[in-house]
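Subject: Structure handover

Hi,

Here is the structure I promised to pass on. Please open it first, then read my notes below.

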Amino acid sequence: MVARAVAGERAAFGILVKRYAGVARRVARAVLGNPEDADDAAQDAMLSALVKLEQYDARRPFGPWLLRIVANAATDRRRRRTVRRVEPLDVGLTAGGPRPDTTAERRALNERLRQALAELPERRRIAVVLFDVEGYSHGEIATVLGIPEGTVRSEVFHARRRLRVLLADWKEEG
Amino acid sequence: MKDPLPFDHRPDPVLGRALREALDAGDAQVFTARVVALAGQVRVPSWDAVLARWARAGVAAAVVVALAAGYLVGRGTAASRTTVRPTVSDVLIAPPAHPAEVEVVLASVIGNN
């Protein structure tokens, strides 16, 4: 599919976009927080990847190559945009709270998780999202972030330790 | 949820699902359609354009190398011109580089006798 996209087949590129849209948007949102900004960054990254497809080494997996572009685009956008004051995370929120059984409580949990993610260093956020949400290996994440594999393990560990506090008393339904 | 093991190499499905839900933006189709539509307007560099770019870089590198080589050759020629060449009288007046060989002197003395 990548080879076809490199050959200039726009339909093949469309299939790649469809396949990687979800992960690209989630990674961008982990970096930027704001969903609109994240979509803009993911879109810029996809188009940038299209232009750079000639540089892609087909012997390597496509996902990490693309996600590196996405992560860089999101980071650049975050640096460019007006610095917004980050509100400190509400201690009451991190200390658990009631079980989010209802939709409203689920929404609250999502918000709490996003706030907790926003408090983590950027690299740590990307590492835990790619590892636990997207199922990428430590090696692949190391490629995305351009850091040693051991550092990725450490980043995932610290991110999990922080985020698990939020989910400590929450059990999935079913 | 299990207590985290340090550097656990397996993804945590509970945390993964919770994070996925928290980060999902929805409207994947709208996003995809938007990117694909914009991709139609993006000018992807063709192979001949890439080649032309490399050719320009190659010509620039060749010019730099030629200039550097010309400078080095020019400097070497100028240095050789400034070297002082001995005149004929200098050579005649100057003492011989090597002292006269003893055998030659003896032979001439014996020959005179």
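Chain B has five helices and zero strands. From the N terminus on, its elements run α-α-α-α-α. Of its 113 residues, 8% count as buried. Keep in mind that this is a predicted model.

Next, the contact between the chains. Chain A gives 37 residues to it, and chain B gives 30 residues. On the side of chain A that touches chain B, the elements with two or more residues are α2 (10-32), α3 (35-52), α6 (103-119), α7 (122-133) and α9 (149-167) of chain A. The largest share of that side comes from α2(A), with 11 residues. By class, the side of chain A that touches chain B has 17 nonpolar, 14 charged and six polar residues.

Of its 12 residues, 10 are buried, so α7(A) is largely enclosed by the rest of the structure. The buried residues include two arginines, Arg124(A) and Arg125(A). Asp132(A) is also buried. Others among them are Ile126(A), Val129(A), Leu130(A) and Phe131(A).

What covers these buried residues? From chain A, the cover includes α2, α4 (62-80), α6, α8 (138-145) and α9. Chain B takes part too, with its α1 (13-23).

Gly135(A) follows α7(A), and its phi is positive, near 75°.

Best wishes

Terms used. Residues numbered from 1 in each chain as written. Chains lettered and ligands numbered in written order. Predicted model: local features only at pLDDT ≥ 70, side-chain atom pairs only at ≥ 80, totals over all residues. Contact = placed C-beta atoms within 7 Å. Helix = DSSP H or I, 4+ residues; strand = E, 2+ residues; numbered from the N terminus. Nonpolar A, V, L, I, M, F, W, Y, C, P; charged D, E, K, R; others polar. Buried ≥ 20, exposed ≤ 12 C-beta atoms within 10 Å, placed from the backbone.
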